[in-house]
Number of protein chains: 2
Amino acid sequence: MSLLSLLLGEKKKTATVAKERLQIILAHERSGRGGTQPDYLPALQRELLAVISKYVRIDSNDLKVHFERQENLEVLEVKIELPEPGPAR
Amino acid sequence: MSLLSLLLGEKKKTATVAKERLQIILAHERSGRGGTQPDYLPALQRELLAVISKYVRIDSNDLKVHFERQENLEVLEVKIELPEPGPAR
């Protein structure tokens with residue numbers, strides 16, 4: 001299954017109302033067992049959201065963050081529901 | 001299938017050598033048919049990579065960018081192979 005079909009499938013399940021959504025996924029695969037490298041995903045996530053908020057208005061109520069770790073793979077998923085594009089002012 | 005199992009599956013297929021990898025996926029779902037909103041994913045991608053390069057050294061040869069659009073969903077995927085963590089200096 002390709003990533004696009006997975007996301008499309010997810011979309012169809014949740015998409016009761018067609019909304020503008022942005023999803024950011026960070027997958028970090030470590031090479032060694034419990035590598036000694038510090039875990040930078042949390043800090044990276046904050047900075048990425050700061051960059052994204054320059055492009056779209058992010059309301060913290062519309063933000064869902066999910067973190068999972070399995071074997072040497074860490075996946076950070078941020079889902080943002082975007083406000084409806086207002087009428088052109 | 002969850003996102004984590006998809007990424008783990010992908011990892012097992014490609015992971016001949018355990019390398020440090022970072023994968024960033026941006027999925028943008030537009031609400032309307034061909035929304036009038038400008039397409040900000042390319043610019044957003046450049047800025048996200050600039051942020052990430054503050055955390056890890058990115059060599060453009062180790063960077064793979066893949067973009068797909070289907071229905072009202074656009075998926076931008078950036079795969080970065082990270083240099084092996086050097087010996088502690």
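Contact here means heavy atoms within 4.5 Å. Hello everyone, and keep that cut-off in mind as we look at this predicted model. By that rule, 45 residues from chain A and 45 residues from chain B take part in the contact.

How much area is buried between chain B and chain A? The value comes to about 4500 Å², and carbon and sulfur atoms give 63% of that. On the chain B side, three residues stand out: L4(B), E29(B) and Y55(B) supply 16% of the area that chain B buries against chain A, more than any other three residues.

Let's turn to the polar side of things. There are 11 residue pairs in polar contact between chain B and chain A, counting pairs with both residues at pLDDT 80 or more. Five elements of chain B each bring at least two residues to the side that touches chain A: α1 (3-14), β1 (21-29), α2 (41-52), β2 (63-70) and β3 (73-81). The largest share, nine residues, comes from β1(B). As for the make-up of that side of chain B, you will find 26 nonpolar residues, six polar and 13 charged.

Now, please follow β1(B) across to its partner. Strand β1 of chain A, residues 20-29, runs antiparallel to β1(B), and nine bridges join the two.

On to the salt bridges. One pair to look at is E47(B) with K54(A), where the closest N and O atoms are 2.8 Å apart.

Within chain A, R69(A) and E74(A) form a salt bridge at 2.7 Å between the closest N and O atoms. Are these two partners buried or exposed? R69(A) is exposed at 51% relative accessibility, whereas E74(A) is buried at 2%. Another pair in chain A is K79(A) with E77(A), at 3.9 Å. There, K79(A) is partly exposed at 33% and E77(A) is buried at 10%.

Back in chain B, E81(B) and R21(B) meet in a salt bridge at 3.6 Å, N to O. E81(B) sits in strand β3 and R21(B) in strand β1, so this pair ties together parts of chain B that are 60 residues apart in sequence. R21(B) is buried, with a relative accessible area of 16%, while E81(B) is partly exposed at 23%. And to finish, R21(A), E81(A) and E29(B) are joined into one network by salt bridges that share partners.

Terms used
Residues numbered from 1 in each chain as written. Chains lettered and ligands numbered in written order. Predicted model: local features only at pLDDT ≥ 70, side-chain atom pairs only at ≥ 80, totals over all residues. Heavy atoms only, no water. Buried area = accessible area lost by both parts, 1.4 Å probe. Salt bridge = Lys/Arg side-chain N within 4 Å of Asp/Glu carboxyl O. Polar contact = N/O pair within 3.5 Å; in protein donor to acceptor, adjacent residues only side chain to side chain. Helix = DSSP H or I, 4+ residues; strand = E, 2+ residues; numbered from the N terminus. Nonpolar A, V, L, I, M, F, W, Y, C, P; charged D, E, K, R; others polar. Pairing = 2+ DSSP bridges. Buried < 20%, exposed > 50% of the residue type's maximum accessible area, 1.4 Å probe, protein only.
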